[in-house]
Amino acid sequence: MLRLGLTIIVLLVSTGLVHAEKRVALVIGNSNYKLISPLANPKNDAELMSATLSDVGFDVVSAIDVDYQGMRRAVRKFGRTLRRAGKDAVGLLYFAGHGVQARGTNYLIPLGANIEDAADLELEALSASNILSQMESAGNRLNLVVLDACRNNPFKGGLRGAGRGLARINAASGSLVAFAAAPGQVASDRKGANSPYTTELVKAMRQPGLAVEQVFKQVRVGVEGQTGGAQTPWEESSLRGDFYFVPKESTPVAAQESPKQSDREALFWNSVKDSASPALLQAYIDRYPEGTFTSLASILIEQLKQKEEQESQKQNAEQLALAEMRKKEIETQRQREVDLLKKLERARQAQEEAERLRAEAESRGKEEKRELAALTPEQISAETAIAPKDAAEMAALAIRYETGTDIVQSIARAAHWYRQAADKGHADAKYRLGLLYYQGRGVALSRTEAAIHILEAIKLDHQPSLNALLEGTTLRNREFVIAVQQRLKALSMYSGKIDGKWGAGSKEATLIYAGRRQGPVVKKPSKNQNKRIRSKPTVVKRKKPADVDKSKRTNRPRGCVGGFSYSGDAQECS
């Protein structure tokens, strides 16, 4: 988060003695903003400034992360304390946090401020001029005001009616105005606990006998060095005398009122020992290198650094976890979209298939009506002689129609009677109907329908269907093979690609479907298995149906039908 800190120090300096005055300070630091961007350094900067001011003799009123009412109460308490301190008192105000300017007025932003445009500033923020009025009303000789505020606009989308940065403040007579960065520059919070400007300012303030102008010269050199010249502190001065944060040794500040060295060290230690800022503890070590608590301060600094490192690692891990979670959510959403598209595609295909079957049924119905009208007396006699429930007689009549044996040949009527017998569970009729669909004879060409009927025949233990599919060379059309693979895969019996290529995996899945292998398929068969399947197919002797009359079996016509022979069971013609 980029911060452009503005530090304003107003010094009303008299020519009288400065070592006998009382010193009163108000320190406000706001970091934990909720409605606008939070800041990393102000809270730590305020704590470090409080400890430093206490060490150089200030009575400090501290307010950390406060809302509008909290800031007003702190300013009121500070003003009353300063007025009671007397005319020779030194007053100091330090603010670190967000600040903006509108119509020439600077506003300090408290926590919880709900600001949408410049008009809201008067209701939600604290005017810097009101705080200066409180200090001036005390009538004391010397006042210091330190505003370390964020110059870049913290509000999303900008703030209607607000200008860039803080308004320039002219240094009145006997005062000094100091900016953390030159007008137009942007000062940044760094990853450490404190900003470069506050770090350098506190260091310079502690040096004995250093006049305030020299303090800010040293600060400028230090900040430019830390930021590589990207940030240059700026001052405007109208001073008429000298002021020292830590007076020269010949003129100690309020020497008659100074506590003992050990008491001051203990006071300093108590103010920083519970801090979460390593810089505050380091300030104690710098001030008391041989102090009572120096070793303990070093240990606490190391622990805080380790904690900061752990927190950083934790934040990085959380960010990675969130990124991974988001990635999985995106992948899940994409997969849902893919699944939905597949589902819609399947529904479309099913609808198209239903439409096709309906159209085919209508066409078949019309065709059958025409065929019935064209039947010869001989055909009518043959068809009416069939028992309504005798699938074997239906299949036999279909073969006669297909071969033209003892009846006028009609492939369409053959398909009709094959279908009637197949619907009653006749395996051979299912197989022969599948062949008609495969060849497009008597019915519309459909390799998908062919696969359905031939697989149904295999399921009924029809050995010629199994032999034709495993060992034959006729049933190798790519569309037909794809239809077989799809149905076997839907039954979890085929694990290969749906590619229309009849290989070992397709053969093995067919044997599993026929009950000749244990499934499901988990790996391709070995070369020996492939060789065995090719050279010595498993042949199971077909059982004679109990309900078929022996005379009817012997009276069936023999011959080659559509590339396949019929002699009791169907085999490929050689």
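Predicted model: local features only at pLDDT ≥ 70, side-chain atom pairs only at ≥ 80, totals over all residues.
**Stop 1: Pro233.** Select Pro233, in the loop between helix H6 (212-227) and strand S8 (234-237). Its relative accessibility is 1%, so Pro233 counts as buried. Now show what surrounds it: beyond its neighbours within four places in sequence, Pro233 is in contact with Phe179, Ala180, Ala181, Tyr197, Val219, Arg220 and Val223.

**Stop 2: the aromatic pairs.** The whole structure holds seven aromatic pairs. Pick out Trp269 and Phe293, a stacked pair with 4.9 Å centre to centre and 5° between the planes. Trp269 belongs to helix H7 (residues 261-272) and Phe293 to the loop between helix H8 (278-287) and helix H9 (294-374), so this pair ties together parts 24 residues apart in sequence. Trp269 is buried at 5% relative accessibility, while Phe293 is partly exposed at 27%.

Next, go to Tyr438 and Phe480: their ring centres are 5.3 Å apart and their planes at 90°, so the pair is edge-to-face. Here helix H13 (residues 427-439) supplies Tyr438 and helix H16 (residues 478-490) supplies Phe480. Tyr438 is buried at 8%, and Phe480 is buried at 1%.

Stop 3: Then show Arg287, whose charged end sits over the ring of Tyr288, 5.1 Å from its centre. Finish at Tyr513, where Lys459 lies over the face of the ring, 4.7 Å from the ring centre.

Key. Residues numbered from 1 in each chain as written. Heavy atoms only, no water. Helix = DSSP H or I, 4+ residues; strand = E, 2+ residues; numbered from the N terminus. Buried < 20%, exposed > 50% of the residue type's maximum accessible area, 1.4 Å probe, protein only. Contact = heavy atoms within 4.5 Å. Phe/Tyr/Trp six-rings, centres within 6.5 Å; stacked < 30°, edge-to-face > 60°. Lys NZ or Arg CZ within 6 Å of the ring centre and 35° of its normal.
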